[in-house]
Amino acid sequence: MKKSLKTLNYAGGMLMAAALLFSCNKEESTPFVEQETFEVAELKASDESELISEEILNIAEDVYTSDEVISTSKFSYNSDFLPDCVTITTVVTSTTKERTIDFGEGCELPNGNVLSGIIFLSYAKDMEQATNTLSLSLENFTFNGVAIEGGASIERMRSNENGNPQSDANASYSAIWPNGDTASFSGNRTREWIEGVGTGFWGDNVYLISGKGTFTGPQGNVFMKETVTPLRRELSCRFIVSGILNFSRNDATASLDFGDGSCDAKGMLTYPDGTTKEIFLRRFKN
C-alpha cells in the first residue's frame, strides 16, 4: 500500500530535538569560547545532530499518529507534515505494521531540510492499546548531505498523566558529514505533545522535550547533555523558544537558556566560571 502526504510550505524549523538531543535552529554558532573544554566546531556538529535526531523522531511520530487517529477514531485523517515526494508503504502482518517511509534520491521538506533514503518503522498492529513500542531503523539515509546510520526504540503513550501524547525514545546514531567529519550521538528523550494534537495541521503543534545523552565530536571529545528545564518546541517557529540545557565535559558544565518564549535566535550562555553571554546558535542553513 502506498500513501503520499501533501505539502504545505512553512517557515518551521525539527525536527525532536532527536538525541539526539535538544537544541535550536539558530543563525550563528559561537558557543563556549573556552577552547580547551568546548570546541566550537564540535558543538556546531552537536547542534546539527540535535536537529537530525529530532527530525527523525518527529517524522516517526507524525506517521504513527496518522495511523493511530484513523484506527482509533474511525474517521478520515491526513497529516500535512510530509510532502508529496515522500512515499509511505505499509505491510501488515498478523501482529505488526511495517511502514517504509521513502524519501527517494532527495526530498525537500517544507522547512528546507533535504532527506534521502528510507526510515523503517515497525509497531504492534493493535492500535487500541494505551502504549505501543515503535522500532525505527535507517537505510541509505542522508540529512542535508550528512550520512546517518542507527536507530531508535520509542515507547509511544497515547495519554500521559497530563492527558497528552508522549514519546520516550532511546536512540543511537552515527554521522558522516560531506567533508569527512564523523560524530556519534545517543541518549534518552521524552517528547510531550502539549498543543495541536490530532488537528492534522503542523503549524499548531507544540512539544516539551527533556532528556540526557552523549555526543562524541569529530575530534573524539565526549560531551554530556541534560535538560534542566524542558525545551519548548513550537513548529511554527524555527527555534527552541524556552528551556535550559546543560553541557558538560572534563568536570566543567555550562548551561544554555533559550529564553522567555520569544521566537528568536538568541540564547543566554552561562560559562563554568559563572560569567554569561548572549549568543546566537544555528543548525543547518536552510
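Is Asn144 buried, partly exposed or exposed? Asn144 is partly exposed, because its relative accessible area is 22%, where buried means under 20% relative accessible area, exposed over 50%, and partly exposed in between (1.4 Å probe, protein chains only).

The structure is a predicted model, in which local features need pLDDT of at least 70, side-chain atom pairs count only at pLDDT 80 or more, and totals for chains, interfaces and linings use all residues. Residues are numbered from 1 along each chain as its sequence is written, and side-chain values use heavy atoms, with hydrogens and water left out.

**Backbone at two loop residues**

Asn144 is found in the loop between β6 (131–143) and β7 (146–157). Helices (H or I, at least four residues) and strands (E, at least two) are DSSP runs, numbered from the N terminus. Phi of Asn144 is near 50°, a positive value in a residue other than glycine. Asn250 also has a positive phi, near 55°, and is likewise a residue other than glycine. Asn250 is placed in the loop between β12 (240–249) and β13 (252–260). At 55% relative accessibility, Asn250 counts as exposed.

**Disulfide**

A search of the whole structure finds one disulfide, defined as a pair of cysteine sulfur atoms within 2.5 Å. In general, a disulfide is a covalent bond between the sulfur atoms of two cysteines. Here the partners are Cys85 and Cys107, with their sulfur atoms 1.8 Å apart. The pair links distant parts of the chain: Cys85 is in the loop between α1 and β2 (87–92), Cys107 is in strand β4 (residues 107–108), and 22 residues separate them. The link of Cys85 and Cys107 is right-handed, with 60° about the S-S bond. Cys85 counts as partly exposed because its relative accessibility is 37%, whereas Cys107 is buried, with a relative accessible area of 0%.

**Aromatic pairs and charges over rings**

A search of the whole structure finds four aromatic pairs. Rings of Phe, Tyr and Trp (its six-membered ring) pair if their centres lie within 6.5 Å; planes under 30 degrees apart count as stacked, over 60 as edge-to-face and the rest as tilted. Tyr64 and Tyr123 form an edge-to-face pair, 4.8 Å centre to centre, with 85° between the planes. This pair links distant parts of the chain, with Tyr64 in helix α1 (residues 40–73) and Tyr123 in strand β5 (residues 114–124), 59 residues apart. Tyr64 counts as buried, at 2% relative accessibility. Tyr123 counts as buried too, at 1% relative accessibility.

A charge sits over a ring if NZ of Lys or CZ of Arg is within 6 Å of the ring centre and within 35 degrees of the ring normal. The charged end of Lys225 sits over the ring of Phe215, 5.8 Å from its centre. For Arg249, the ring is that of Phe223, and the charged end sits over it, 5.8 Å from its centre.

**Largest cavity**

The largest cavity has a volume of about 130 Å³. On a 1 Å grid over the protein atoms alone, a cavity is a set of points where a 1.4 Å probe fits but cannot get out, and lining residues have an atom within 4 Å of a point. Grid points are joined across faces, edges and corners, and a volume is the space filled by probe spheres set on the points. Of the 17 residues that line the largest cavity, Asp62, Ser79, Trp193, Asn205 and Tyr207 are the closest to its centre. The largest share of this lining, four residues, comes from α1. By class, the lining has seven nonpolar, seven polar and three charged residues. Ala, Val, Leu, Ile, Met, Phe, Trp, Tyr, Cys and Pro count as nonpolar, Asp, Glu, Lys and Arg as charged, and the others, Gly among them, as polar.

**Separations along the chain and in space**

Asn188 lies in strand β9 (residues 182–195) and is partly exposed, with a relative accessible area of 40%. Thr87 lies in strand β2 and counts as partly exposed at 26% relative accessibility. Ala265 is found in the loop between β13 and β14 (266–270) and counts as buried at 9% relative accessibility. The table pairs each of these residues with a partner.

| Residues | Separation in sequence | C-alpha to C-alpha distance |
|---|---|---|
| Asn188 and Ile154 | 34 residues | 9.6 Å |
| Thr87 and Ile101 | 14 residues | 6.0 Å |
| Ala265 and Phe239 | 26 residues | 6.5 Å |

Definitions and conventions:
1 Å grid on protein atoms, 1.4 Å probe; cavity = no way out; pocket = protein on both sides within 12 Å on 5 of 7 lines; lining within 4 Å.
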